[in-house]
Amino acid sequence: MSTVRGIPFEAAGTVRTLAFTTAAMVRYQRAAGETLIAGVLAVERDGFDAERVGRLVNAGIGGKLTEEEVFALIDAVGYTEAIRLIGRAFKEAFPVPEPKADPDEAEEPAGNGAGVSETTPTP
């Protein structure tokens, strides 16, 4: 059973998974000279760096394809879809926990008059 968080996608009849594992992060950093986070943020900000998109996809699918195979894969899914997949895989790898309600917040704060009825005299 695999515990890798990733995004499955189909390209040219083959189902692959784009996953930003620790190995993928190191693979990308070695190839690009920047962290994976910096690369993803740059793609989300600019979106037009095909070389960066190719490196991100290659790192996320295992780094075993040639450059030409990675570019053909991106062409098969479409450039915009490749960027969307990168964003989804990044969110899957680095989930933002939802804030949990503090159980004490449901109670009335002390000193606000809670529990004092209108008939209770106040000093």
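Q: Which residues of α5 are buried in this predicted model?
A: In α5 (79–93), the buried residues are Ala-82, Leu-85, Ile-86, Gly-87, Ala-89 and Phe-90.

Q: What makes Phe-90 buried or exposed?
A: The relative accessible area of Phe-90 is 15%. Buried means under 20%, so Phe-90 is called buried.

Q: What covers the buried residues of α5?
A: The cover includes β1 (7–11), β2 (14–18), α2 (36–45), α3 (50–60) and α4.

Q: How do you know that the span of α5 agrees with its number of residues?
A: α5 has 15 residues, and at 1.5 Å a residue these should span 21 Å. The expected span takes one less than the number of residues. The end C-alpha atoms of α5 are 21 Å apart, so the two values agree.

Q: Why is the pair of Phe-90 and Phe-94 called tilted?
A: The ring centres of Phe-90 and Phe-94 are 4.9 Å apart, and the cut-off for a pair is within 6.5 Å. Their planes make an angle of 45 degrees. Stacked needs under 30 degrees and edge-to-face over 60, so the pair falls under tilted. By this rule the count comes to one aromatic pair.

Q: Why does Phe-94 count as partly exposed?
A: Its relative accessibility is 28%.

Q: What makes α3 mostly covered?
A: Eight of the eleven residues of α3 are buried. They are Arg-52, Val-53, Gly-54, Leu-56, Val-57, Asn-58, Ala-59 and Gly-60. Among the elements that cover them are β2, α1 (22–32), α2, α4 and α5. Just after α3, Gly-62 has a positive phi of about 115 degrees.

Q: How many cavities of 30 Å³ or more does a search of the whole structure find?
A: The search finds one. The largest cavity holds about 40 Å³ of space.

Q: Which residues line the largest cavity?
A: The lining consists of Phe-9, Leu-18, Val-57, Leu-73, Ile-74, Val-77, Ala-82 and Leu-85. α4 (67–77) and α5 each supply at least two of the lining residues, and the largest share, three residues, comes from α4.

Technical notes. Residues are numbered from 1 along each chain as its sequence is written. This is a predicted model: local features need pLDDT of at least 70, side-chain atom pairs count only at pLDDT 80 or more; totals for chains, interfaces and linings use all residues. Side-chain values use heavy atoms; hydrogens and water are left out. On a 1 Å grid over the protein atoms alone, a cavity is a set of points where a 1.4 Å probe fits but cannot get out, and a pocket is an open set with protein on both sides within 12 Å along at least five of seven lines; lining residues have an atom within 4 Å of a point. Grid points are joined across faces, edges and corners, and a volume is the space filled by probe spheres set on the points. Helices (H or I, at least four residues) and strands (E, at least two) are DSSP runs, numbered from the N terminus. Rings of Phe, Tyr and Trp (its six-membered ring) pair if their centres lie within 6.5 Å; planes under 30 degrees apart count as stacked, over 60 as edge-to-face and the rest as tilted. Buried means under 20% relative accessible area, exposed over 50%, partly exposed in between (1.4 Å probe, protein chains only). Contact means heavy atoms within 4.5 Å.
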